[in-house]
Amino acid sequence: MRMTVGAPSSLLRPPTESSGLAAPAPKSRRAARLATMGLAFVLVLGGVAVAAPWLAPHDPTRQALRERLTRPTLEAADGRARFLGTDHLGRDVLSRVIYGARVSLVVGVAAVMVGGALGATLGIAAGFRGGLADSVIMTLADAQLAFPFILLAIGIIAVLGPSFPTLIVVIGLSGWVTYARLLRSQVLGLRSREFVEAIHALGGSVGRVVACHILPNVLSSLVVVATLELARAIVLEATLSFLGLGVQPPTPSWGGMIHEGREYLDTAWWISTFPGLVLMLTSIVVSRTGDWLRDLLDPTLRGE
Amino acid sequence: MRLSGDPVPLLLPPDAPRSEIFRVRRELGLDRTLPVQYGVFLVNALRGDFGRSIHFREPAFAVVRGYLGATAELGLTAFLLAAFVAVPVGLLSAVKRNSAIDHIAMGVALVGQSAPTFFLGILFILLLSLKADLFPTGGRGDWTHLALPALTLGAFAMASIARLTRSAVLEVLRADYIRTARAKGVAEWRVVVKHTLKNAALPIVTITGLQLGTLLGGAVVTETVFAWPGIGRLAIQSIYNRDYPIVQCAVFLSAIVFIVINFVIDLLYGVLDPRARP
């Protein structure tokens, strides 16, 4: 059961064919270039999110009912054009997309950190303690992977009510298993090595072993997993916001905007389409960046 | 699930006397402590009794069962669509490796794997229903109603299966026995269909089964986008209505379906790969 249920989809990606006799160098150079471009995209998105107040041409929450459902236009009425049109309350779509990047990135990054911290702790605990703790933690991981998480997320949010911290914790919880497995296997490999026992014998603590010998070993794998998880977290946040369980109006979020624009698809396609396209682009670029980083840093992570 | 708030005020008029509120609460069993409520739920669930829906005033299981057919129809269509499109595409991609077909197919698969399901649904509605007027935007009816939701729901599975099929087939094509088969003059299509596909079947079946499970989760989103009257949409609406028995019943049934699917896959291993037999 463990093997069949295991593998989150991101790690189930098939191994790209190893080119046999051909030298791997050009391929990894290409991966490096692509990964750099992907990281640049994330940095630009981060920059946009930070600089939103200066970049956005309008106040993202200001309603102007007389200008509602304006088509995207390059003509400026008051010196500042509605490049992407306005929504059903007359709010500027471009400004809302720009501010929406804040929500996506803040929730995404925070969720990745929550999931990473939790997963790493549990993984290390499972690896070092072994026995019952190990069984309990890994069974929990299997149980979670065995169940469509979106249902669980919806249930938890329905209980606690939608809010930023809830959203971050729930999305973080959805991703801890990958980190836990990674660190557990790493700990199991190192636990009985002589140098670890030597550190113990000399009075070094478990914390020292983890900080000095385990984390440096898994750092590159952690970066890869975190990047793939970031893409997943951003999409999950948008999905929950779309269902009305994530970020609440009037705070602009991409998922929420797509939800609001759904009723106006027939007359005002731009309300849903632009945030959706940005979301799709972000998701594709970030997850591809994770793949390229994996090719570059850690070929052993491929497949299961 | 029961912590999210009291459903009783939603049921009664706002000027109901307190005694009335307490009476309804006792009637629904909400006055007991949480562990007791959970114990009662477990015992009853095992007997197929999920309590009465607070909103529909009917046994929850009967309500959910009424929606089950729609979800099964959508899920199975999406799954068959995914499997029967993805496996041939992946195979073709692998055999014609690095050709234009390969690049296009894998490019589309990448987008399909990364694109958020709900936005894909919105895009389909926008382009194929509203602009091109080929399909209805939502609801359940003949096959035209089914086409877009099934495509949306199946997109992720299709992309994953196609990519994995391609790499599994490529892996097998490198094996010695394939070279032997070619060397002794077996026709190329026979090599591909008989020798390769059979040996690549194991990972393909694994991921296909896994995807069948994720379809359950995806159904929640897809059904909401297309107003498809299945249990996913029912669950979401019941959360808004604080109709716990329905939510519990829907989640419980999904979990059981998921477990059964995993069990069947484990059994299939033994059939496909004699080495995996105990």
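Figure 1. In chain B, take the contacts between residues at least 6 apart in sequence: 70% of them join residues at least 24 apart. Keep in mind that this is a predicted model. What is chain B built from? Of the 278 residues in chain B, 48% are buried. The accessible surface of this chain is about 13900 Å², and carbon and sulfur atoms account for 66% of that.

**Figure 2. Where chain B meets chain A.** Here 43 residues of chain B are in contact with 43 residues of chain A. Putting the two chains together buries about 3900 Å², with carbon and sulfur atoms giving 74% of that area. How many salt bridges turn up across this interface? The rule finds zero between chain B and chain A. For polar contacts, the count between the two chains is three residue pairs, both residues of each being at pLDDT 80 or more.

**Figure 3. The side of chain B that touches chain A.** Several helices of chain B each supply at least two residues to this side: helix 5 (100–114), helix 6 (117–131), helix 7 (143–173), helix 9 (188–225), helix 10 (231–240) and helix 11 (244–272). Which helix gives the largest share? That's helix 9 of chain B, with nine residues. Sort the residues on this side by class and you get 28 nonpolar, nine polar and six charged.

**Figure 4. A close look at A:Asp291.** Now we hop over to chain A, where A:Asp291 lies in helix 12 (residues 270–297). Is A:Asp291 buried or exposed? Its relative accessible area is 4%, and because that is under the 20% cut-off, A:Asp291 counts as buried. The side chain of A:Asp291 also has a partner: a polar contact of 3.0 Å joins it to the side chain of A:Arg294.

**Figure 5. Two loop residues with a positive phi.** Most residues other than glycine have a negative phi. You'll find B:Asn98 in the loop between helix 4 (60–95) and helix 5 of chain B. B:Ala227 isn't a glycine either, and its phi is positive too, at about 50 degrees. Where is B:Ala227? Look in the loop between helix 9 and helix 10 of chain B. B:Ala227 is partly exposed, since its relative accessible area of 33% falls between the 20% and 50% cut-offs.

Methods
Residues numbered from 1 in each chain as written. Chains lettered and ligands numbered in written order. Heavy atoms only, no water. Contact = heavy atoms within 4.5 Å. Buried area = accessible area lost by both parts, 1.4 Å probe. Salt bridge = Lys/Arg side-chain N within 4 Å of Asp/Glu carboxyl O. Polar contact = N/O pair within 3.5 Å; in protein donor to acceptor, adjacent residues only side chain to side chain. Helix = DSSP H or I, 4+ residues; strand = E, 2+ residues; numbered from the N terminus. Nonpolar A, V, L, I, M, F, W, Y, C, P; charged D, E, K, R; others polar. Buried < 20%, exposed > 50% of the residue type's maximum accessible area, 1.4 Å probe, protein only. Areas by Shrake-Rupley, 256 points an atom, 1.4 Å probe, with all protein chains shown as cover.
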